[in-house]
Amino acid sequence: MWIFLALLVVPLIEIGLFIEVGGLIGLWPTIAVVIGTALLGTVLLRAQGLAALRDLQSQMNRGEDPSRTLAHGALILVAGVVLLTPGFFTDAIGFLLLVPPVRAALIASLGRHVRVAAANVHVHSAHGPPPGARRDPGGKGPVIDGSFETVETEDEQEERPTPPGGTAGRSGWTRPGGG
């Protein structure tokens with residue numbers, strides 16, 4: 001419903017603003033302002049996007065949590081999309097999203113509604129596989145060993161029927177006697 005309203009209301013706001021601004025300053029100055037804000041937005045977007053990418057790489061190399069930088073990067077991407085959309089209203093939103101304190105406040109506000117259950121970050125050197133890694137037989141890169149655990153409630157365990165042959169719990173994805 002929100003997307004429908006945005007797709008309806010935003011163009012109406014933009015049309016109204018084009019009519020008002022065009023009536024005040026004329027057609028060609030209005031077009032020049034729209035093109036100028038798009039160019040300025042592109043320059044600012046590129047600078048802030050590259051800075052966010054450098055911050056992300058630095059945090060990943062240090063093994064730090066990159067979630068805040070990723071959120072800033074996502075909002076910078078949104079700013080770029082709305083800045084490339086012609087219009088005064090969308091330009092205002094785009095330029096606001098390029099202001100770091102505005103992004104931080106928006107992230108804090110949205111963060112109250114987001115819950116992260118778990119996050120793991122593993123950082124390895126770009127100069128080769130991690131210590132102890134083995135290479136696959138085809139020589140295409142390191143083999144990544146992993147493990148998982150299926151967690152079922154007692155109700156789910158009781159509901160699962162035993163297949164013929166009594167191989168309860170065998171999905172066919174594991175080797176007999178292995179795991």
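The following passage describes the overall fold, the surface and two residues of a predicted model. Because the model is predicted, local features required a pLDDT of at least 70 and side-chain atom pairs were counted only at pLDDT 80 or more, whereas totals for chains, interfaces and linings use all residues. Residues are numbered from 1 along each chain as its sequence is written, and side-chain values use heavy atoms, with hydrogens and water left out.

The protein contains six helices and two strands, arranged along the sequence in the pattern α-α-α-α-α-β-β-α; helices (H or I, at least four residues) and strands (E, at least two) are DSSP runs numbered from the N terminus. Of the 179 residues, 15% are buried, where buried denotes under 20% relative accessible area, exposed over 50%, and partly exposed in between (1.4 Å probe, protein chains only). Among contacts (heavy atoms within 4.5 Å) between residues at least 6 apart in sequence, 50% join residues at least 24 apart.

The protein exposes about 14000 Å², of which carbon and sulfur atoms supply 66%, as computed by the Shrake-Rupley method with a 1.4 Å probe. Ile 19, found in helix α1 (residues 2-25), is exposed, with a relative accessible area of 56%. Ile 19 also belongs to a nonpolar surface patch of about 1000 Å², whose other members include Met 1, Trp 2 and Phe 4; patches are made of residues with over 30% relative accessible area and no salt bridge, like charges being joined within 9 Å and nonpolar side chains (Val, Leu, Ile, Met, Phe, Trp, Tyr) within 5 Å. A salt bridge is a side-chain nitrogen of Lys or Arg within 4 Å of a carboxyl oxygen of Asp or Glu.

Val 78, in helix α3 (residues 67-84), is partly exposed, with a relative accessible area of 40%. Val 78 and Leu 97 are 19 residues apart in sequence, and their C-alpha atoms are 7.9 Å apart in space.
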